[in-house]
Amino acid sequence: MIGVSEQVVIARPGTELLRPASWDAHERLGDEDAAIHEELEAEQNILSVDRFSLFYGKQQALHEVSMGVPAGKVTSLIGPSGCGKSTLLRSFNRLNDLIDNVRTEGNIYLSGQPIYARNVDVIELRKRMGMVFQKSNPFPMSIFENVVYGVRLAGERHRGVLAEVAERSLRGAALWEEVKDRLHGSAMSLSGGQQQRLCIARAIAADPEVLLMDEPCSALDPIATGKVEELIHNLRGEYTIVVVTHNMQQAARVSDYTALMYLGRLIEYGPTKAVFVNPHRRETEAYVTGRFG
Ligand SMILES: Nc1ncnc2c1ncn2[C@@H]1O[C@H](COP(=O)(O)OP(=O)(O)OP(=O)(O)O)[C@@H](O)[C@H]1O
Ligand SMILES: [Mg+2]
């Protein structure tokens with residue numbers, strides 16, 4: 001009887017071709033097999049991922065991922081839960097170093113310099129790549145002190161310079177108008193969406209080259225999400241942005257390029273519109289039309 005019910009499931013319209021195909025493809029998928037669209041070849045990459053693998057103990061979370069991240073563009077990482085998006089994002093600024101038993105193979109290059117090399121100053125590396133997390137994490141201090149935190153830590157004491165950094169960063173994060181009269185009030189009194197923009201302001205205050213964002217809007221309402229998306233759009237050009245999102249409409253709205261990951265592998269990577277409208281791989285089509293994942 002179990003066999004019959006399995007057949008019923010497999011025979012459901014729309015799934016019968018895709019389920020087996022995606023699993024087969026996964027079995028077959030070799031290191032060179034990711035569909036990387038040719039438009040990416042014309043780009044100047046700020047980050048280059050070269051056959052990068054990552055293991056949590058014995059469990060392999062990334063399998064020989066190779067991709068470039070174009071400078072000044074917004075790149076989205078999408079894919080089903082557990083496929084390795086956050087792991088890859090954290091690998092860019094070596095946040096995975098903080099987790100026990102993590103081992104890597106291959107390398108990632110920032111402007112041609114290897115990120116995984118013995119002599120890399122990880123603190124310096126993280127200054128060059130700001131990170132914004134899913135849950136906003138303002139420090140329990142004033143709005144002003146949150147923004148200038150890193151700059152102060154780096155030794156800047158001049159009030160005028162700090163004020164200038166705060167204003168520039170808050171304007172950059174589209175928060176200035178809302179907070180300019182309460183800069184010395186607690187950051188904790190801001191709304192969720194404002195707190196997330198404050199975290200973006202704090203990240204850009206350090207003048208990073210790359211902004212890494214892990215589901216920055218998942219805790220926000222549609223209006224706050226709209227503001228953060230607009231911000232991502234406006235920061236493009238000045239910064240390179242890599243954004244992990246579960247929301248495919250968001251990827252379509254904010255990003256120039258989209259990479260689909262599945263089970264720790266890069267499946268397809270190309271201009272966002274092409275990935276959504278004219279994907280090269282069947283797994284991508286199945287995912288973007290909501291048929292698996
Ligand atoms: N700290 C950790 N220790 C052990 N395994 C981990 C750790 N973090 C992630 N993993 C495993 O690595 C794999 C990839 O996880 P990751 O968090 O990168 O996925 P994700 O694509 O970001 O998923 P989600 O969409 O749910 O956030 C998963 O199998 C996960 O269980
Ligand atoms: Mg994640």
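**Confidence, then the ligand shell**

Modeller: Confidence (pLDDT, the predictor's score for each residue, from 0 to 100) is highest in strand β4, residues 74-78, at a mean of 98. Helix α1, residues 2-10, is lowest, at 33. Helices (H or I, at least four residues) and strands (E, at least two) are DSSP runs, numbered from the N terminus. Over residues 1-32 the pLDDT is below 50, and this stretch has 21 contacts in the model beyond near neighbours in sequence. A contact means C-beta atoms, placed from the backbone, within 7 Å. Where pLDDT is low, the predicted coordinates should not be read in detail. The chain as a whole averages 88, and 88% of the residues score at least 70.

This is a predicted model: local features need pLDDT of at least 70, side-chain atom pairs count only at pLDDT 80 or more, and totals for chains, interfaces and linings use all residues. Residues are numbered from 1 along each chain as its sequence is written, while chains are lettered from A and ligands numbered from 1 in the order in which they are written.

Now the shell. Around ligand 1 there are 13 residues (C-beta atom, placed from the backbone, within 6 Å of the ligand). Y56, S81, K85, S86 and T87 come nearest. Helix α3 (85-92) and strand β3 (59-70) each supply at least two shell residues. The most come from α3, with three. By type, the shell has eight polar residues, four nonpolar and one charged. Nonpolar means Ala, Val, Leu, Ile, Met, Phe, Trp, Tyr, Cys and Pro; charged means Asp, Glu, Lys and Arg; the others, Gly among them, are polar.

Conventions:
Two residues are in contact if their C-beta atoms, placed from the backbone, lie within 7 Å.
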